Amino acid sequence: MKFDKRAGDVLVWALLLTAPFWLPLAGSYVELGTRVVIYALAAMALNFLLGYTGVLSFGHAAYFGLGAYGTALTIKYLVPSTPVGMLAGIVLGTVAAAIIGPMIVRLRGVYFAMCTIAFGQVFYFIAFQWFSLTGGDDGVSAWHREPLHFGFATLDILNSNKAFYYFVLAIFAISAAAMAFLLRSPFGRTLLAIRENERRARFLGIPVDQHIWMSWVVSCFFVSIAGTLFSLMNDFVDPRALRWDQSGNFVIMAVLGGMRSFWGPLIGAAIFLVLQDYISSETQNWMSFIGLFFVLVVLFFPRGVLGIIRRKATS
Amino acid sequence: MTQLLLFNVFNGLIIGAFYALMALGLSLILNLSGVINFAHGGFLAIGGYLAYSLIPYVGFWGALIASPFLVAFIGILVERVLIRRLYGRDPLYSLLLTFGLAFMIEDGTRYIWGAQSLPYQIPSWLSRPLSLQFFFLTGYRVFMVILVTAVVAALFVILNYTRLGIRIRAGTLDLETVAVLGVNTRVLRNLNFGLGIYLAGLAGVLAVGMLGLQPTIGDNLIMPSFIAIIVGGLGSLPGTLAGGILIGVVSGITTVFLPAASEAVMYVMMAAVLIVRPRGLLGEEGRF
């Protein structure tokens, strides 16, 4: 069993590291790979809360979008530098989550979900209505990511899509490692305990609300990293990045891949985005198909791809 | 100034009545079945579009009566075929399912009726202002307020004095006991879902007379309905009603002084309620 897990990790990394080379051969393009990695990071960040803490957030697009807007606005108006822009986006998303957190961590279940949805929409309206800063519905355009300078070398993430893919993958790897580390730490184990039996965790003297708040902030921190990468990828951001349907996409990715597995959301993101890419190039009514896809996943694959595989392996 | 203020308070009251109608339907379903119906806005849109298609045959009044019932029927079918399977499972799944339904309905209405806004006929005697000084008091608006009041009153009569309503309220408190007492809870939840969707359909027919008819019409109403439920208190229908009207009126008043904040003020109210009184204005202690 342990060997299996190690083999799975190796397989995932091998596929990710070679993606820019086999994607064009498979009739696809490098940008799709970049998009999959970014969304996978967002879905894994959400899963930190959803799968490992057992708290249902349906508003993660807000912090994703804040990361995206923070980056875009900083690079456009303040400093034309990719790292500074990213930092600004991450700080913006994380601080917003930290402030909203205390208002919702006392709530559970559907009520928590509903409040995260509603709070998520605040930022959508701000982005939509603050026309002078955000350009409203038109979004923030006329800026672009800057090449990275390391003193001794320059990584041209602007013009080389492969370089940008590896830049995104490097950040994904650091984030994934950090999340895996957190989940293995006593903090992560405590979150699992809360998920499995909140009342018992409380009896053991664990400050449950505080832990959920921390898990929420960690999750939003990583989702805002994904958001900054998203706006760098597009050199553009508009309010759709933080609308509620985006949150739904993250959740369906996590569920589709398997909420109880570390790599589940990555697989979910890959399936979802490849399918979306294909359907939206085939038909105008792609929304219906995506909706139908949601329904089918809920009815027939509630455990997700990895959940089914694992179940088959144990039985 | 006074007139402007009055106009916006009245406007807020009407919008609030919509929020309340939507939120009451959502609340009914949420309380009894634990399902957040994301597709509620979609059902509202169906209500509007069906009325649009029915008006040439049965006239405005016929459509006003028939359309919500048709929508409720669709709702009952959806509950039977899809949502019923998810009771007792993590609320995550019903959320995702209704989320997908919302997509399908929005795209479906666009496919059938087109993406552009459609003209909508209301009887001409209703669209005339009632007085020159208070030009905003058109007959339609006053009629809407009266109708919504009547429907809400009827809803509370049903909930308090009919067998179905009493069972719904009892089921909200303890569904298992209600089942043990010999009530078919599957049918109960089914009818309750239909009742909630009926309110959405009715709101749809009324809303298009004011907001115009396009596939995304429900989108602008569903978030405020969520806020109405949170502000009013989960599990309390009077709370939901009060919450809807309250946020409508407050956002109407805000329009006078700071138009840009008319949306934001709802969220500020929600945040304030969550900080001071997390269970909502009339919510029960310890329900969530």
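How close do the axes of α1(B) and α9(B) come, and at roughly what angle do they cross? They come within 8 Å and cross at roughly 70°. Before going further, note that this is a predicted model, where local features need pLDDT of at least 70, side-chain atom pairs count only at pLDDT 80 or more, and totals for chains, interfaces and linings use all residues. Residues are numbered from 1 along each chain as its sequence is written, while chains are lettered from A and ligands numbered from 1 in the order in which they are written.

- On the bookkeeping side, helices (H or I, at least four residues) and strands (E, at least two) are DSSP runs numbered from the N terminus. Axes are lines fitted to C-alpha atoms, for helices over the stretch in contact, with angles running from 0 to 180 degrees between N-to-C directions.
- Contact here takes C-beta atoms, placed from the backbone, within 7 Å.
- Ala, Val, Leu, Ile, Met, Phe, Trp, Tyr, Cys and Pro count as nonpolar, Asp, Glu, Lys and Arg as charged, and the others, Gly among them, as polar.
- B:M22 also turns up among the members with the most contacts in the largest nonpolar core, which has 188 residues; A:L41, A:A42, A:A118, A:A226 and B:I227 are the others. Such a core is a set of buried Ala, Val, Leu, Ile, Met, Phe, Trp, Tyr and Cys residues joined through C-beta atoms within 7 Å.
- Helix α1 (residues 2-33) of chain B supplies the largest share of this core, with 15 residues.
- Leaving out residues up to four places away in sequence, B:M22 touches B:H40, B:L44, B:A200, B:A203, B:L221, B:I222 and B:S225.

**Where the chains meet**

- Chain A and chain B each put 35 residues into their contact.
- On the chain B side, α3 (91-113), α9 (219-232) and α11 (264-276) each give two or more residues, and α3(B) gives the most, with 15.
- That side has 28 nonpolar, three polar and four charged residues.
- B:E106 sits in helix α3 of chain B. It is buried, with 24 other C-beta atoms within 10 Å (20 or more counts as buried, 12 or fewer as exposed, and in between as partly exposed; C-beta atoms are placed from the backbone).
- Apart from residues up to four places away in sequence, B:E106 touches A:M287, B:G42, B:P215 and B:T216.
- B:E106 and B:D219 are 113 residues apart along the chain, yet their C-alpha atoms are separated by 9.6 Å.

**Helix packing in chain A**

- The axes of α11 (residues 244-257) and α12 (residues 264-282) of chain A come within 6 Å and cross at roughly 115°, so α11(A) is roughly perpendicular to α12(A).
- This crossing of α11(A) past α12(A) is right-handed, and the residues in contact include A:I252, A:V255 and A:L256 from α11(A) and A:L266, A:I267 and A:F272 from α12(A).
- The class count for this pair is eleven nonpolar, four polar and no charged residues.
- A:V297, in helix α13 (residues 286-300) of chain A, is buried, with 23 other C-beta atoms within 10 Å.
- Beyond its neighbours within four places in sequence, A:V297 is in contact with A:I252, A:V255 and A:L256.

**Positive phi in chain A**

- Most residues other than glycine have a negative phi.
- A:A142 has a positive phi of about 60°; this residue lies in the loop between α6 (131-134) and β1 (148-149) of chain A and is exposed, with 8 other C-beta atoms within 10 Å.
- A:D235 has a positive phi of about 50°; its place is the loop between α10 (208-234) and α11 of chain A, and it is partly exposed, with 15 other C-beta atoms within 10 Å.

Notes
Two residues are in contact if their C-beta atoms, placed from the backbone, lie within 7 Å. Angles under 35 degrees count as roughly parallel, over 145 as roughly antiparallel, 65 to 115 as roughly perpendicular and the rest as oblique. A crossing is left-handed if the near helix is turned anticlockwise from the far one by less than a right angle, and right-handed if clockwise.
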